[in-house]
Amino acid sequence: MKSIELDFLKVAESAAIAAIPWIGSGNKIEADGAATQAMREKLNEIGMDGRIVIGEGEIDEAPMLFIGEKLGKGGLPKIDIAVDPIEGTTPTVNGQKNAMTVIAAAPRGTLLHAPDMYMMKLAVGPSAKGNIDIDAPLSENLTKVAEAKGKKVNDLNVFVQDRQRHQKYIETIRGMGAKVHLFQDGDVIYATATCLEHLDVDMFLGIGGAPEGVLGAVAMKGLGGEMQAKLLPRDDAEYERCKNMGLNDPEAVLPHSKLVSTNECIFVATGITENLFLKGIQSCPNYHLTQSILINGKERQYRIVESEHKRPEKVK
């Protein structure tokens, strides 16, 4: 995987740059389409036998790198890919914070192969690893995480997406005395943030997209955190799609090892607009400056990479 790290960094960067014209535009379909096309073109330049095992698009009815799509020039290595060309399409087109391009990769057969559907996620950083149970009451998880981190429950910072479906979680967390931090978009950002100690994010939970769940799980795998998840089929059709993709019990608990079963994985994200740990793209007269996070699962560390991209010369 080390041999393709830089290639995947270039993939994320190219998608972010392609999204620049659509920042603040209000046009989600065009923004998604531009980032997706840039990502596809760069992936097809890599010497690999790649395939998308979980991708964005079906729920949002957006352009997509579709599940099962084959990418790369062929040959070795054989790679499974999870992707979200724009994590935060709405903040991108509204000119708001929390937009980035995201991609993750691991050897064939080691990432969850599942439809683009809803997923319940519970995530904590390394200091609380082994102390969560997605089937247990939330109050019990809060107590155990606080004990593991050497905190009082009322000192915990829990990040939850601001959606009506999460109201019961918000009430429970506040009822326990812990602090709820609501966000509009960015599941992958806040799952990853649980593993960045300086950000003081103690727990992330909520219902969101399955692709974002796998992407966040890869980032957390590389940083020593823990995520547990459950797919949430909304009807018989989604249930059958899960079974057709090899998930015999679609509603079973997915421990971290089911989301990503190897440490030999990479995660890359490039900021489009500013978020908790990345700057947004800076456009200067002659170049674009991007900032990306690169996580290698074997190394258990992250790198922040700044790159300068020369802008095409204007035709006179």
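Predicted model: local features only at pLDDT ≥ 70, side-chain atom pairs only at ≥ 80, totals over all residues.
Residues are numbered from 1 along each chain as its sequence is written, and side-chain values use heavy atoms, with hydrogens and water left out.

**Salt bridges**

I took a salt bridge to be a side-chain nitrogen of Lys or Arg within 4 Å of a carboxyl oxygen of Asp or Glu, and by this rule the count is 16. The side chains of Glu-140 and Lys-144 form one of them, at 3.6 Å from N to O. Glu-140 is partly exposed at 34% relative accessible area, and Lys-144 is partly exposed at 40%; here buried means under 20%, exposed over 50%, and partly exposed in between (1.4 Å probe, protein chains only).

I then turned to Lys-151 and Asp-202, whose closest N and O atoms are 2.9 Å apart in a salt bridge. This pair links distant parts of the chain, 51 residues apart, with Lys-151 in the loop between α4 and β6 (157–161) and Asp-202 in the loop between α6 and β8 (203–209). Lys-151 is partly exposed at 25%, whereas Asp-202 is buried at 2%.

Asp-49 and Lys-78 also meet in a salt bridge, at 3.1 Å from N to O. Because Asp-49 lies in strand β1 and Lys-78 in strand β3, the pair ties together parts that are 29 residues apart in sequence. I found both in a network of salt bridges that links Asp-49, Arg-51, Lys-78, Asp-80 and Arg-108.

I used domain bounds that come from an automatic or database domain assignment, which divides the protein into domain 1 (4–109 + 265–310) and domain 2 (118–259). Their centres, taken over C-alpha atoms, are 23 Å apart. I find 30 residues of domain 1 in contact (heavy atoms within 4.5 Å) with 26 residues of domain 2. The area buried between them is about 2300 Å², of which carbon and sulfur atoms give 73%; buried area is the accessible area (1.4 Å probe) that two parts lose on being put together, summed over both. Across this interface the rule finds zero salt bridges.

For a nonpolar core I took buried Ala, Val, Leu, Ile, Met, Phe, Trp, Tyr and Cys residues joined through side-chain atoms within 4.5 Å. The largest such core has 47 residues, and Leu-112, Met-119, Leu-231, Leu-259 and Phe-267 have the most contacts inside it. Its largest share, eight residues, comes from α7.

**Annotated positions**

The UniProt record, an unreviewed entry, lists residues for "binding site", including Glu-87 and Asp-187; its positions are in the numbering used here, feature names are shortened, and annotations may be inferred rather than shown by experiment. Glu-87, in strand β3 (residues 78–87), is buried at 4%. Asp-187, in helix α6 (residues 187–193), is buried at 7%. I see that Asp-187 touches Glu-87, and Lys-121 and Gly-209 are also among its contacts.

Technical notes
Helix = DSSP H or I, 4+ residues; strand = E, 2+ residues; numbered from the N terminus. Lists of a residue's contacts leave out its neighbours within four places in sequence.
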